[in-house]
Amino acid sequence: MIDRFRENANIGELVVIQEGVVLGKNVSIGHHTAILGNTRIGDNVTIGSHCIIGVYPGGNANMRKTETTLPPLEIKSNVKIGNHVSIYTGTIISEEAFIGDQASIREKVRIGANTVIGRGAMVELNTSIGSHCTIQTLAYVTADTTIEDHVFIGPCVSMSNDKYMGAKEFTLRGPYIKEGAKIGNNASLLPAIIIGKNTVVGAGAVVTKNVPDFETVVGNPARKVPDKNTL
């Protein structure tokens with residue numbers, strides 16, 4: 001199976017490529033990586049070692065039900081993927097994106113062009129991330145989140161999508177982060193909140209309510225930084 005790809009791809013040792021996989025030109029795959037069924041990979045893509053690409057989701061009775069059919073994973077041209085990365089089926093990684101070592105990207109995720117997903121970051125299912133975003137090291141992007149273009153998410157930011165933490169029924173909804181927003185290190189974003197356009201959330205802030213466009217908020221709970229003219 002692998003031999004038919006070697007003319008157009010640089011393939012490491014002990015690589016697994018399953019039936020139905022489509023590889024573009026000039027693809028590089030590191031040692032011990034598995035490319036699972038029907039994954040579609042564009043031209044000039046680099047994938048590191050010990051990755052699992054095209055994972056089909058599993059679970060148990062206490063978890064959200066997984067769809068019985070999902071479209072193939074699509075990795076567009078010029079994407080770079082580090083080592084020990086897992087990416088699930090049903091997801092689309094757009095052109096020029098970068099996925100750092102040990103990152104995990106679940107099913108039904110959309111990642112825009114030129115976006116960076118940092119080392120060890122986790123992006124959960126049903127999430128949309130725009131173009132030219134930066135999701136830094138060890139950030140946790142919960143399921144059902146929307147992140148528009150040019151957003152910065154600092155290291156170890158955490159988000160949630162379940163208001164009652166499983167205690168009762170709730171429509172799962174992560175944060176909605178608008179274009180140009182910046183979220184500082186270790187900030188926590190609660191379910192269903194809206195972070196406005198070009199808003200700044202300070203490091204360590206706990207955001208419990210919607211934040212309007214162009215504001216800066218800090219603290220726990222997060223509050224607007226007073227205008228210096230009102231002090």
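What we have is a predicted model, in which local features need pLDDT of at least 70 and side-chain atom pairs count only at pLDDT 80 or more, while totals for chains, interfaces and linings use all residues. Residues are numbered from 1 along each chain as its sequence is written, and side-chain values use heavy atoms, with hydrogens and water left out.

Let me begin with the chain, whose secondary structure comes to zero helices and 31 strands, where helices (H or I, at least four residues) and strands (E, at least two) are DSSP runs numbered from the N terminus. The C-alpha atoms fill a box of roughly 70 × 40 × 20 Å along the principal axes. Of the 231 residues, 44% count as buried, that is, under 20% relative accessible area with a 1.4 Å probe and protein chains only.

Turning to N161, this residue lies in the loop between β23 (158-159) and β24 (176-177), and N161 is buried, with a relative accessible area of 11%. Leaving aside residues up to four places away in sequence, N161 touches, among others, R64, F170 and P191, a contact being heavy atoms within 4.5 Å. A143 is also one of the residues that N161 touches, and the side chain of N161 reaches the backbone oxygen of A143 at 3.3 Å.

Finally, the ring: R106 lies over the face of Y88, at 5.1 Å from the ring centre, where the criterion is CZ of Arg within 6 Å of the ring centre and within 35 degrees of the ring normal.

Notes: Buried < 20%, exposed > 50% of the residue type's maximum accessible area, 1.4 Å probe, protein only. Polar contact = N/O pair within 3.5 Å; in protein donor to acceptor, adjacent residues only side chain to side chain.
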